[in-house]
Structure formats: C-alpha cells, structure tokens
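I would ask you to look at the model on the screen while I speak.

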Amino acid sequence: MASGVFSVLNETVPAPGWGLVGVTAVFAVAVSATSSVLVATGTWTVLNRVNVLGTLFHEGGHALVSILTGGGVFRIEITSAESGGTWHWNPSPFARVLATASGYAMPPLAGLGAAALLHRGLAPAVLFLTVAAMVLILLVTRDAITLVAVVAVGAVAFCALRWAPVWLQNGVAYAEAWLLLTSELGGLAALVANRARGGFRGQDDDASSLAERTGIPSFVWIAAWFTLIGWAVWHAFPMLWP
C-alpha cells in the first residue's frame, strides 16, 4: 500500500502544451469573474458551482490549522458553492487567529503548491492529494450538501487519476491549480461589497472576526489576502505556463 502511494506521488507525466494550459487558465478566470458577478447581481451560473473547490479548501484551511495548533474540528459545512462554515476549537487566542486567517490563505497557497508539483510533471500527485484532502474533509462532514460537494470533487480527481489519459489528467490538475489560485477573488470581492453597502460595523465574516480579536482593521486583513493571492499567482504563473 505504501509503495503504491509512493509510486503515484512520484509518477511523472509529459508536460502539456500551451493550448491546454491556456484553456484551463481562461476557465479559472471565467469562474472567478462569474463569482464577482454573483456578488454584484446575485445571479447564479453553472460556473459559480465550480468555485466549490475553493470553498472546500477555504474551510479545510480553518480545520487544518486548528488541528496543527493543538485544537480540533467539530464539523465542516458547505452551504453553497461560495460559502460555508467550520466549527472548530482552539487552545489559545493566537491559535484562533491563525485558524481564522488561514481560510482565505489556504486556496492560493494550495494552488501554488499544485503549481510546483505540476512544474515537475507530477499531475498524478496533485490528483491524489486532492482525493486525500476530500477524504479528510469527509470525516467531519455532517450534512447532505457538503457530502455531495466533497464526493463530487473527490470523484472527479479520482476518476482522472485512475482512468483518464495523460492529457486529461493534466487538464484536471492544471484547472485545479488555476482555480485554487484565483477562487478567493470572488469571496474577497464580497467582503468589500458588503462593507461598501453596509459599512464596517455589523459584518459577520473572517475579516471582522480577526479585527475584533486583534484590533487590526478588517480592511487590512482583506488587503493582505488580496496581496497573498497576487504573490501566489506571480510565483505560480512561470511554473504553470509552458
């Protein structure tokens, strides 16, 4: 079993051409753009649903950092493709801050990690780690919507890993990397839009929670997450583009 996992994690495939990389990049940008349209108009499209990948990694980021800092997770719940919640506990106020800040940070960092693997031709490793992440999230899933989202993402990655030709493995893995790098743009746009409409008081989100716990204004946290996304894309682009 261990040798099988090791072989999958180290299996290399030929790099794709610029056409496939370009199509997956445009697809990810389109998903992020429709997320911003959703923020502005409330209109759902099929592409909006794809952003559930970023939402799962966002909530998984809260959960992972809670566990790594000595806390735990009660459950993860996905309420829509763009939103969810993680019920966790933390051993200290500082650990709570880290866990809260990690939500918007996790998708772009995971995308950067995927880009580093793809740069080495390790598309199967990206798919395998995606399946592993979904299995771990499944352990703290308690509702049907989250179950469907986790199983759907895990099934796409597993089927691509197990049965898809190399070009399709690359397509799924590259699309995932681009999506993770850009998926939180819509969520951050929503934070900005909510404050533009209703001010900075009375908001109930990660930025307002961090502002309350640290005294650092929420707009600073939002700007930091935008900066992190830009930094991740800047470093990932040369690794992803052939």
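This is a predicted model: local features need pLDDT of at least 70, side-chain atom pairs count only at pLDDT 80 or more; totals for chains, interfaces and linings use all residues.

I turn now to the largest pocket. It holds about 770 Å³ of space. Its lining comprises 32 residues, and those closest to the pocket centre are H58, G84, Y104, D205 and D206.

The element that gives the most is α9, with six residues.

I now move to a second topic, the residues around N90. This residue is found in the loop that runs between β2 and α5. Is N90 buried or exposed? The cut-off for buried is under 20% relative accessible area; N90 has a relative accessibility of 17%, and therefore counts as buried.

The side chain of N90 takes part in two polar contacts that I wish to show. One, of 3.0 Å, joins it to the side chain of H88; another, of 3.4 Å, joins it to the side chain of R96. If neighbours within four places in sequence are left aside, the residues in contact with N90 are S66, T69, G71, A95, R96 and A99.

H88 itself is found in strand β2. With a relative accessible area of 12%, H88 is buried as well. Its side chain is joined to that of S66 by a polar contact of 3.0 Å. Leaving aside neighbours within four places in sequence, H88 has contacts that include H62, S66, F74 and R96.

Finally, let us consider G70, in the loop between α4 and β1 (72-80). At 43% relative accessibility, G70 counts as partly exposed. What is in contact with G70, once its neighbours within four places in sequence are left aside? The residues are W89 and P91. G70 and P91 are 21 residues apart in sequence, while their C-alpha atoms are 6.2 Å apart in space.

To close, I return to the polar contacts: the side chain of H88 has one with N90 and one with S66. Thank you for your attention.

Conventions: Residues are numbered from 1 along each chain as its sequence is written. Side-chain values use heavy atoms; hydrogens and water are left out. On a 1 Å grid over the protein atoms alone, a cavity is a set of points where a 1.4 Å probe fits but cannot get out, and a pocket is an open set with protein on both sides within 12 Å along at least five of seven lines; lining residues have an atom within 4 Å of a point. Grid points are joined across faces, edges and corners, and a volume is the space filled by probe spheres set on the points. Helices (H or I, at least four residues) and strands (E, at least two) are DSSP runs, numbered from the N terminus. Buried means under 20% relative accessible area, exposed over 50%, partly exposed in between (1.4 Å probe, protein chains only). A polar contact is a pair of N or O atoms within 3.5 Å; within protein, one must be able to donate a hydrogen and the other to accept it, and residues adjacent in sequence count only if both atoms are side-chain atoms. Contact means heavy atoms within 4.5 Å.
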